[in-house]
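Biologist: I would like to learn how to read helix packing and strand pairing from a model of this kind. Could we take one feature after another, with the general idea ahead of the case?

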Amino acid sequence: MDEPKQLRLVFPERPVKRDDLIVTDANVAAIDAAFAWQEWPSNLLCIFGPPMCGLGLVANTWASDSEAVLFDHTSLDSADTNTISQLTWSNGTIDLADAVTNEANLLAAINFATSEDKRLLLTARSHPASWSHKSPDLRSRLSNMTAVEIGPPDDEMVLKRLDAACRRRFIRLKPEDANYIMIRIEKSYVAIEDYVRRLDRAVAISGRPPSVHLARSVLEEGADTRTLFDDT
């Protein structure tokens, strides 16, 4: 017989502020560079990093901090010239700029911002010099752009991201359980979020708070072929 499933309630998340950003050695250089926007050596900065490393949160928080116009790659792709020209009187940010397919619009955004000495923050999955654009002018701009990388999660980041992901799902994870997971889980942002998603499902099915035993079983369920556990 299947175990009864515990009812899960969903509550709205409050807006993220700069102080809510999780900062460790893995991303401190990128975060510090972004929010020192008044001291940038040029008008343009790109922050790039792996999936789920928090680029969207940085873009949204930076836009609020600098009173910037916020584009994502889809809105910039379809924007008209009048919309992009907002960057002549306002700072701007383009989230996942490497996914922009409209090269003319991306170049226009960069040109509008630099023409009036405004700041433009771009986020991306890779260094702008590696983006596959055909326009020589755009390639030149991207190759000369200052770029700072967000690295893979260090141990502190793993613990903090585990805690944040669990809190969003109203899971209370004991410090000893979090440490157990931290030393065994794959060091990637995607793996952390995927693990907590699966833990949340396991907690809902069992109807019990997470334990070391449950944490271990969820990790084992997500393991591929490598050994994650010792015999203790």
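Modeller: For helices, an axis is a line fitted to the C-alpha atoms over the stretch in contact, and the angle runs from 0 to 180 degrees between the N-to-C directions. Please keep in mind that this is a predicted model.

Biologist: At what angle do helix α7 and helix α8 pack, and how far apart are their axes?

Modeller: Helix α7, residues 155-168, packs against helix α8, residues 175-182, at an angle of about 130°, and their axes lie 10 Å apart. That angle makes α7 oblique to α8, and their crossing is right-handed.

Biologist: Which residues make the contact?

Modeller: From α7 come Asp155, Val158, Leu159 and Leu162, while α8 contributes Ala178, Asn179, Ile181 and Met182; by type, the residues of this contact divide into six nonpolar, one polar and one charged.

Biologist: Turning to strands, where do the side chains point in a regular strand?

Modeller: In a regular strand they alternate between the two faces of the sheet. In strand β3, residues 92-95, Gly92 and Ile94 point one way whereas Thr93 and Asp95 point the other way, and all of them are buried.

Biologist: How many bridges join β3 to strand β2, and how many join β3 to strand β4?

Modeller: Strand β2, residues 69-72, is joined to β3 by four bridges, and the two run parallel; here Phe71 stands opposite Ile94 of β3. Three bridges join β3 to β4, residues 120-124, and these strands also run parallel, with Leu121 in β4 as the bridge partner of Thr93.

Note on methods
Residues are numbered from 1 along each chain as its sequence is written. This is a predicted model: local features need pLDDT of at least 70, side-chain atom pairs count only at pLDDT 80 or more; totals for chains, interfaces and linings use all residues. Side-chain values use heavy atoms; hydrogens and water are left out. Angles under 35 degrees count as roughly parallel, over 145 as roughly antiparallel, 65 to 115 as roughly perpendicular and the rest as oblique. A crossing is left-handed if the near helix is turned anticlockwise from the far one by less than a right angle, and right-handed if clockwise. Contact means heavy atoms within 4.5 Å. Ala, Val, Leu, Ile, Met, Phe, Trp, Tyr, Cys and Pro count as nonpolar, Asp, Glu, Lys and Arg as charged, and the others, Gly among them, as polar. Buried means under 20% relative accessible area, exposed over 50%, partly exposed in between (1.4 Å probe, protein chains only). Two strands pair if DSSP finds at least two bridges between them.
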